[in-house]
Amino acid sequence: MAKKLTLDFLKTEAASGAALGLAALAALIVANSAWSADYFAWLKSVQVLQIGPLRLEETVSDWIKEGLMAVFFLVVGLEIKYEILKGELSNPKKLAMPIISALGGMVAPIGVYLLISNLLGGPHEGWPIPVATDIAFALAVFGLVGKNLPSSLRVFLLTLAIVDDLGAIVLIAALFSQGVELMPLLGAIGVLGVMAVLGRWRLAAAFWCIGFAAMWWLTVMSGLSTSLAAVAFAAIVPVNPRRETGASPLRDAMHDLHPYVAFLVLPVFAFAKAGVSFGGLSLEQAFAPLVIGIALGLFIGKQIGVFGAAWLAATLRIADKPTGASWAQVYGVSLLCGIGFTMSLFIGVLAVPGAVDSVQQIEVKLGVLGGSVLSALVASVVLGVTGRKRGKTMPAGVE
């Protein structure tokens, strides 16, 4: 059953990956067209949500990042919980592999960036930028090329990227946080606790939606990342079937939410975040030390860190590689982890001072975009070739 569920997700993501790619391409075209000013003004425009006395003001960009993407992380959290309890990650050594790989994938890019920075004289403060993996874009690329790949690889990537993303959130909190509001944070924790207790009984889907919305609102008010809150909420959703209906609340939620995430949340996210303007770009700026450091940190650092940690963990027998996957396929996934994009751009705004259209921020965008695109292209080739080989040798009807 777990295998069928994962395969259904892969079929959906193969189509949604194309939609996400088209949305990203559209964003690049618009950002470099006559509509560029309108596009960036729209992203910066403030939109208000008011329900009775409750009022929240955010820019369109923040609504997408903190609102729509919270639903994405909820679905990701649900799937990881399912795999830990019922699927591929129920084996402790299988669970250890993506966690160890993620840690390696956070350390190595820092080393590569600092090495390049010392050699070329770039700014040292940019070292956190290549640490992150953009889980949405990485999964989209995997969905496009993952038809003949073992489903365990997707679970490996999913878990690795979540650990990586949580690590980036902790890094942001430790280095750049302006503090959180205590009372809303305690309220969000309280809602989580109440829902965890009530979740033992049969609850209507609407009740879960209200609980998630309340926790999300309080998390935004506290200043904490909503992606972290969404994963925490996913952890309390029951996975076992109800005796009254025989249905699993967790699986039902995954099934119902996934199409919306695949064909609405992710394409909108891509259109909002992929718009990078190349106006006034010079050759010297394109190969500035900051650009090269970030790009190689993502492309070289991520693959070395993720694959090196995975191989070392398997060699020491403290973790097992994904079921049915070859080392070449694991290497392909390690390349995918070099797609930093959104989280890297976000860290870049915090780590490197400067206005949105400043020279430093343009270089950050170029480095992130260059490293991410290079990682995606090479990963697609590696995974596509290894997937075709597996498809030719795999007996008919075997996953």
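# Structural report on a predicted model

## Terms and basis

A residue is called buried when its relative accessible area is under 20%, exposed when the value is over 50%, and partly exposed in between (1.4 Å probe, protein chains only). By that rule Lys302 is buried, because its relative accessible area is 0%.

The model is predicted, so local features need pLDDT of at least 70 and side-chain atom pairs count only at pLDDT 80 or more, while totals for chains, interfaces and linings use all residues. Residues are numbered from 1 along each chain as its sequence is written, and side-chain values use heavy atoms, with hydrogens and water left out.

Strand 1 covers residues 46-51 and strand 2 covers residues 54-59; the two run antiparallel and are joined by six bridges. Helices (H or I, at least four residues) and strands (E, at least two) are DSSP runs numbered from the N terminus, and two strands pair if DSSP finds at least two bridges between them. One of the bridges in this pair brings Leu49 together with Leu56 of strand 2. The two strands form a hairpin with two residues between them. In the turn, Gly52 has a positive phi of about 65°.

A salt bridge joins the side chains of Arg55 and Glu57, with N and O 2.7 Å apart. Arg55 is partly exposed because its relative accessibility is 42%. Glu57 falls into the partly exposed class as well, at 43% relative accessibility.

The whole structure contains four salt bridges, each defined as a side-chain nitrogen of Lys or Arg within 4 Å of a carboxyl oxygen of Asp or Glu. One of them pairs Arg154 with Glu79 through an N to O distance of 2.4 Å. This pair links distant parts of the chain: Arg154 belongs to helix 6 (residues 151-176) and Glu79 to helix 3 (residues 60-86), and the two residues are 75 residues apart. Arg154 is buried, because its relative accessible area is 1%. Glu79 is likewise buried, with a relative accessible area of 3%.

Another salt bridge is formed by Asp164 and Lys302, whose closest N and O atoms are 2.4 Å apart. Asp164 lies in helix 6 and Lys302 in helix 12 (residues 289-315), so this contact ties together parts of the chain that are 138 residues apart in sequence. Asp164 counts as buried because its relative accessibility is 0%.

Helix 5 spans residues 135-145, and nine of its 11 residues are buried, so the helix is largely enclosed by the rest of the structure. The buried residues are Ile135, Ala136, Phe137, Ala138, Leu139, Ala140, Val141, Phe142 and Gly143.

Gly305 lies in helix 12 and counts as buried because its relative accessibility is 7%. The C-alpha atom of Gly305 is 7.9 Å from that of Leu103, although the two residues are 202 residues apart in sequence. Ser372 is part of helix 15 (residues 359-393). With a relative accessible area of 4%, Ser372 is buried.

Helix 7 (residues 182-198) includes Leu182. Leu182 is exposed, because its relative accessible area is 52%.

Ile236 is placed in the loop between helix 9 (226-234) and helix 10 (249-273). Despite this loop position, Ile236 is buried, with a relative accessible area of 17%. The C-alpha atoms of Ile236 and Met195 are separated by 7.5 Å, and the two residues are 41 residues apart along the chain.

## Cysteines

A disulfide is a covalent bond between the sulfur atoms of two cysteines. With the criterion of two cysteine sulfur atoms within 2.5 Å, the count of disulfides in the model is zero.
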